[in-house]
Amino acid sequence: ESADFDREVRSLDLVIWVLNLVTVGVVALATGLLNVLHFQQRLGEFGILAAMGYTRAFLLGRTFLEVLWTTAVGWLAGLALARWAVALVSGRIYEPKGIPLTGIDARALAFTLPIPVLVAAFSLGVVAWHLGRLDPVTIVERRE
């Protein structure tokens with residue numbers, strides 16, 4: 001009976017891991033697409049900067065810093081919200097029943113890291129591809 005229980009727990013654990021991976025992938029792609037849309041709205045700005053002589057490396061570095069900043073702020077805000085939610089659920093539901101919940105520890109933080117990393121990688125990859133095809137002359141002519 002113990003072997004059956006262990007097998008069921010492993011099976012359930014595998015399902016949870018697959019769901020977590022799918023969730024991380026979808027969230028990272030959706031957030032990355034929002035970053036790409038933000039870049040597309042500012043294409044004129046990047047075209048003007050390129051026409052003024054700024055290199056693609058500079059523009060990519062600037063974009064990298066923006067993506068890094070927004071991703072870090074979003075990740076930290078999510079962690080703060082998660083910590084608040086865990087404390088609320090623990091204090092109101094589980095602790096009165098005598099079930100202690102652990103807070104957000106290093107392992108939990110490690111599980112959240114793929115999201116900002118994938119968001120930054122996807123966003124920067126698409127932006128780098130667009131910057132490689134950027135024609136500042138066409139952008140400047142369209143603006144005038």
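**Close-up views of the packing around helix α3**

**View 1. Contact of helix α2 with helix α3.** In this predicted model, the α2 residues Glu45, Phe46, Leu49 and Ala50 meet Leu59, Arg62 and Thr63 of α3. By class, the residues of this contact divide into four nonpolar, one polar and two charged. The axes of α2, which spans residues 43–51, and of α3 come within 10 Å and cross at roughly 145°, and the crossing of these two helices is right-handed.

**View 2. Crossing of helix α3 with helix α5.** Helix α3 covers residues 56–94 and helix α5 residues 114–132, and their axes, which come within 10 Å, cross at roughly 155°. Because this angle is over 145 degrees, α3 is roughly antiparallel to α5. The crossing in which α3 passes α5 is right-handed.

**View 3. Residues in the contact of α3 with α5.** On the α3 side, Arg56, Leu59, Leu60, Thr63, Phe64, Val67, Thr71 and Trp75 take part, and they meet Pro116, Val119, Ala120, Ser123, Leu124, Val127, Ala128, Leu131 and Gly132 of α5. Sorted by class, this contact has twelve nonpolar, four polar and one charged residues.

**View 4. Surroundings of Thr63.** Thr63 is found in helix α3, and it is listed both among the α3 residues that meet α2 and among those that meet α5. With residues up to four places away in sequence not counted, Thr63 touches Phe46, Leu124 and Val127. The relative accessible area of Thr63 is 5%, and this residue therefore counts as buried, the cut-off being under 20%.

How values were computed
Residues are numbered from 1 along each chain as its sequence is written. This is a predicted model: local features need pLDDT of at least 70, side-chain atom pairs count only at pLDDT 80 or more; totals for chains, interfaces and linings use all residues. Side-chain values use heavy atoms; hydrogens and water are left out. Axes are lines fitted to C-alpha atoms, for helices over the stretch in contact, and angles run from 0 to 180 degrees between N-to-C directions. Helices (H or I, at least four residues) and strands (E, at least two) are DSSP runs, numbered from the N terminus. Angles under 35 degrees count as roughly parallel, over 145 as roughly antiparallel, 65 to 115 as roughly perpendicular and the rest as oblique. A crossing is left-handed if the near helix is turned anticlockwise from the far one by less than a right angle, and right-handed if clockwise. Contact means heavy atoms within 4.5 Å. Ala, Val, Leu, Ile, Met, Phe, Trp, Tyr, Cys and Pro count as nonpolar, Asp, Glu, Lys and Arg as charged, and the others, Gly among them, as polar. Buried means under 20% relative accessible area, exposed over 50%, partly exposed in between (1.4 Å probe, protein chains only).
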